[in-house]
Amino acid sequence: VQLQASGGDSVQAGGSLTLSCAASRSVFNINLMEWHRQAPGKQRELVASIGIGGDTRYREFVKGRFTIARDAAKNTVDLQMTNLKPEDTGVYYCHSVLIGRDDWGQGTQVTVSS
C-alpha cells in the first residue's frame, strides 16, 4: 500500500490541525490504519488507530483532543488534532497493516509553539 501523508504545519499552542493519509487502496479494506509520531530525539510512538470495522483507539496523551476517522470521499484516514500542545511537535507518519505486510507513509511535520 502506498501512503501519502499531508496536512502538517506550524501552529500556536491551543490550535488545531487535520492530517490526512491518502492510500493506494480503499482505506475501508485495510485491516488497521495508524498514526504514529516521532519527536526530535525520541522514538516513534503510536498515537491513534482505526480498525477495519471502524473501531478506534487512542493513546492516553491524545484522548479527548485527537480524532481518527476514515473519509470515504477522499479515501483518506484523517487525524483531527485540537488543543495542540508543544509536546505534540514531531513528524507524523501513517501506517497501514494488512495480513503479511505493513507500509509507512513519508511523514508530515507538525510544529506547535508555545
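Biologist: Leaving aside its neighbours within four places in sequence, with which residues is Arg 57 in contact?

Modeller: Arg 57 is in contact with Val 47, Ala 48 and Ser 49, once neighbours within four places in sequence are set aside. Please keep in mind throughout that this is a predicted model. Contact here means heavy atoms within 4.5 Å.

Biologist: Where is Arg 57 found, and is this residue buried or exposed?

Modeller: Arg 57 is found in strand β6, which covers residues 56-58. A residue counts as exposed when its relative accessible area is over 50%. Arg 57 has 62% relative accessibility and therefore counts as exposed. As for distance, the C-alpha atoms of Arg 57 and Leu 19 are separated by 17 Å, and the two residues are 38 apart along the chain.

Biologist: How many helices and strands does the chain have?

Modeller: The chain has 11 strands and zero helices. Read from the N terminus on, its elements run β-β-β-β-β-β-β-β-β-β-β.

Biologist: What percentage of the residues in the chain is buried?

Modeller: Buried residues account for 42% of the 114 residues. The accessible surface of the chain comes to about 5900 Å², and 46% of that surface belongs to carbon and sulfur atoms. Contacts can also be sorted by separation in sequence: among those between residues at least 6 apart, 52% join residues at least 24 apart.

Biologist: How many positive and negative side chains are there?

Modeller: There are 12 positive and 11 negative side chains in the chain, and the centres of the two sets lie 2 Å apart.

Biologist: Which cysteines form a disulfide?

Modeller: A disulfide is a covalent bond between the sulfur atoms of two cysteines. In this model the count comes to one disulfide. Its partners are Cys 21 and Cys 94, whose sulfur atoms are 2.2 Å apart. Cys 21 lies in strand β3 (residues 17-23) and Cys 94 in strand β9 (residues 90-98), so the pair ties together parts that are 73 residues apart in sequence.

Biologist: Why is this disulfide of Cys 21 and Cys 94 described by a hand?

Modeller: The hand is read from the torsion about the S-S bond. For Cys 21 and Cys 94 that torsion is about 70 degrees, so the disulfide is right-handed. Both cysteines, Cys 21 and Cys 94, are buried.

Biologist: Is Ser 96 buried or exposed, and which residues does Ser 96 contact?

Modeller: Ser 96, placed in strand β9, is buried, because buried means under 20% relative accessible area and Ser 96 has 1%. Its contacts, leaving aside neighbours within four places in sequence, include Val 1, Leu 3, Ile 30 and Asp 102.

Biologist: Where is Asp 102 found?

Modeller: Asp 102 is found in strand β10 (residues 101-104). With a relative accessible area of 42%, Asp 102 is partly exposed. Beyond four places in sequence, Asp 102 is in contact with His 95, Ser 96 and Val 97. Asp 102 and Asn 31 are 71 residues apart in sequence, and their C-alpha atoms are 10.0 Å apart in space.

Biologist: Which loop holds Arg 44, and what does Arg 44 touch?

Modeller: Arg 44 is found in the loop between β4 (32-38) and β5 (45-51). Arg 44 counts as partly exposed, at 35% relative accessibility. Not counting residues up to four places away in sequence, Arg 44 touches His 36, Arg 37, Gln 38, Tyr 93 and Trp 104.

Biologist: What is the phi of Asn 75, and what is that of Asn 83?

Modeller: Asn 75 has a positive phi of about 55 degrees although it is not a glycine. Asn 75 lies in the loop between β7 (66-71) and β8 (76-81). The phi of Asn 83, also a residue other than glycine, is positive and near 45 degrees. Asn 83 is placed in the loop between β8 and β9, and it is partly exposed, with a relative accessible area of 41%.

Key. Residues are numbered from 1 along each chain as its sequence is written. This is a predicted model: local features need pLDDT of at least 70, side-chain atom pairs count only at pLDDT 80 or more; totals for chains, interfaces and linings use all residues. Side-chain values use heavy atoms; hydrogens and water are left out. Helices (H or I, at least four residues) and strands (E, at least two) are DSSP runs, numbered from the N terminus. Buried means under 20% relative accessible area, exposed over 50%, partly exposed in between (1.4 Å probe, protein chains only). Accessible areas come from the Shrake-Rupley method with a 1.4 Å probe; for residues, only the protein chains shown count as cover. Lys and Arg count as positive and Asp and Glu as negative; His and the chain ends are not counted. The place of a charge is taken as NZ of Lys, CZ of Arg, CG of Asp or CD of Glu. A disulfide is a pair of cysteine sulfur atoms within 2.5 Å.
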